[in-house]
Amino acid sequence: MMRTEILPYQKLASLGFNFGKTKVKKFLQLNLTKNNIILISAAFLLGRASMLNGLMPFGIAAYASTIGLNINRLMTAVFIVLGMLSGGARGQIYVCLSAMLIFNAINMVVKGSKANMNFKYSVIAFISVMIPEMVLVYLQGFLLFDLLKALMHGFIVFSLMFIFRNAVPAIAEGKVKTAYSNEELISMAIITAMAVSGLSNISIAGFEIKNIISIFLILVFSYRCGPGLGAAVGVVIGLIASMSANAPPLVIGSYAFCGLLAGIFRSIGKMGSGLGFVLGNSVLTLYLNGSIDVLIYLKEIVIALVLFMVLPKKVMDLASKIVGADAEKEADKQSYGSRIKELTVEKLNKFSRTFKELSKTFGEIADTKVTAEKQDISSMLDRVADKICKDCSLCLHCWDRNFYDTYQVMFKIVEKLDMKGRIDESDIPDHFLDRCERVVDFVKAINNAYEVFKVNMVWKGRVGESRALVSQQFEGLSNVISNLASEIDMEVHFKAELEDMLLNELKKEGVKASDVIVFENKWGKYEISVFHKGCGGKRQCIKTIERIVSHSVGRKMVKEDKDCCQKLKNNLCTLKLAEEEVFKVTTGVAKLAKYGGMISGDSYTFMNTGKGKYIAAISDGMGSGQRAATQSRATISLLEQFMESGFDKETTVKLINSILVLKSGEDSFTTIDMSVIDLYEGEVEFIKIGAAPTYIKKHERVDTVKSVSLPAGILGDVEIELVHKRIDNGDFIIMLSDGIFDSFNINEGGDKELEDVIFGIKSINPQEIADAILDRAYINCEEKPVDDMMVVVAKLWKAGNV
């Protein structure tokens, strides 16, 4: 016959409870979880624990620490009171119940910042205890001893709150981190020791259950976590034992010393930890009073040691994983990670220094201003003499007997070459003409040699310019690598408390989040990654997570990427959130090719770098048509690639200029007009290389941004001038190409006319403004544009405003 399993809610129904099956089942699922069972059991034991002649502060602190957590607080309070009743409490029950009610009432009224909520809850808990205690003090005659005892009770609860708020949330919410922090680990060890003290006066066959469990816990923590935590747990257990059971103070040192030796001998194994504990107890008892069974009874040590030895390895490993007992391994991993980061930064800095030295070397050997030296001229004259004069019958007469006079004639000829570019027979002195038999060949050879000499000088200059440009490029690469090394070496400040709080808040709202990472970037802005169970592409979770995270951190957080990044293996989505930018940008573009042309030589781009920077840029290629379009498109493409790769503005412009200068024989000039908008601070940086003015249209005026410089690609070293302007909500940034600007400067006062046209446009649509300016420029040039025309308009507005 098949056995039918009776479910918990069916048992309740059979006892007469008038609950629906669904409600009972839901209640049990919500409240009888593994973590809640642990906390309820601990609450019962903490309610039993007492200290200092009857004070019971542990239950009040445990109840107050559950505020804001996904825990049935009523059930927790019930078990605390049951524990106090089983421990023989009388007046302390009144204090506990009153403190719980007052704590809840004050929390409903008082609101505070989430950044210091632990301190706020501790103060409220102190006040909640002091009110009923002062009532008792008053009723008992306001004696000084009772007053001091009440203050002691309040301060103990105040101090315990910091310990409980470190441990209770981590246990209740089932923390998903790989390991607990030291504060959480020690806090949980202290709470465990306090709960164990609630087992006082419970014995079986003459064995004190509290002592056996205390020794067992010290052995477990010493074996898995090392001598440090073993000694800490021993101190706490000994301290609570001495305060609650009137044990001698020496027991504190005894438990701590035994935990220390158990941790030191753990390399031998479980038997080593047990041997260390026994040796520690034996040494201390013999040293103090010659006894062998006074401080910690040997029979209880043996029972605890047997339990410790038979504890399965799987359970031990699970406990280690839960409490993060592999802290040393984690520390080693962190140490390895730190060392890898140091090596990476060191390597990158070496690369940076290498490129810097290469830049310096190329800069030193770069000779951009080539001048003719006497040695070069002498070499040219020697080549001419060797070609013309060596077979002449008068060579000996001219170059041996009259060398000085002949050389003087040669330098006079060179002076004529510098002036005219070539020489004729009339430029040669008469006495040299009368003597020379090969004048015609000589003149021809001199002219040819001088042409070759000039070409060589030009190419030497080109080589010098190329070396200087390569020097600039190496310097740019050095700076980029150095900046990358600085970013890697930068300390990332993770917000551990905020991460735990967000995990709790998300779980309360039903979001199945497995982990949250919060850190503050170098600009002081939060970046948050939420790892949660996927929703199958329905995108229902995004708005919920954005709302919860924004409310919790007190900053408006928005999704950084277009979609969640989902891993198919574990069905987890990664949602990246960043602080919402203060300003938003809407753009409009209007362009027109030169009259008779089909292709415009003007190019533009808009780009949000993702770090609170928005870039708008225009490039006007030299001339018009396909060739100009190719140049401007190449410039814009390079600008986009460099900026997205992390190059700064100055380095980007210099590299683009050097690439344009390193051209073929054809000229390759373009303008660069770039506006870099800070979407958080509301500031704009303008960089103009040979570009037309930019206009900022405000509600009451029009500002002009000008810069006098040559286009990129002409000079090897370009001077960059940055202009900073402040922008407000509703301002427009209007960028123009030369074709638009020149169409308003046909007559005098063209600048003022363009400003008036811009100011007179009433539309708040950037596209309509761009079209209106282009239409007016088209009319000004009588519908026959002499150059390509382009207008780019960017409207800036604050989030939440239209």
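What we have here is a predicted model, and the mean pLDDT of the protein chain is 77, with 79% of its residues reaching 70 or more. If we go through the elements of the chain, helix H1, residues 8-14, has the lowest mean pLDDT, at 42, whereas strand E17, residues 732-736, has the highest, at 93. Over residues 1-21 the pLDDT is below 50, and this stretch has ten contacts in the model beyond near neighbours in sequence. Where pLDDT is low, the predicted coordinates should not be read in detail.

Let me turn to the helices. Helix H10, residues 209-225, packs with helix H12, residues 250-264, at an angle of about 40 degrees, and their axes are 8 Å apart; H10 passes H12 in a right-handed crossing. Which residues meet there? From H10 they are Asn211, Ile215, Ile218, Leu219 and Ser222, and from H12 they are Tyr255, Gly259, Ala262 and Gly263. Sorted by class, the contact of H10 with H12 has five nonpolar and four polar residues, and no charged ones.

Next comes the sheet, which is open, has five strands in the order E9-E18-E17-E14-E15, and is paired in antiparallel fashion. Strand E9, 583-592, and strand E15, 702-705, stand at the edges with a single partner strand each, so one side of each is left without a neighbour in the sheet. From one strand to the next, the twist averages 20 degrees. Strand E17, the element with the highest mean pLDDT, is joined by five bridges to strand E18, residues 789-798, and the two run antiparallel; within this pairing, Ile734 stands opposite Val793 in E18. Packed on the sheet is helix H28, residues 766-780, which touches E9, E17 and E18, and its direction makes about 30 degrees with that of E9.

Terms used. Residues numbered from 1 in each chain as written. Predicted model: local features only at pLDDT ≥ 70, side-chain atom pairs only at ≥ 80, totals over all residues. Heavy atoms only, no water. pLDDT = per-residue confidence, 0-100. Helix = DSSP H or I, 4+ residues; strand = E, 2+ residues; numbered from the N terminus. Contact = heavy atoms within 4.5 Å. Axes fitted to C-alpha atoms, helices over the stretch in contact; angles between N-to-C directions. Left-handed = near helix turned anticlockwise from the far one by under 90°. Nonpolar A, V, L, I, M, F, W, Y, C, P; charged D, E, K, R; others polar. Pairing = 2+ DSSP bridges.
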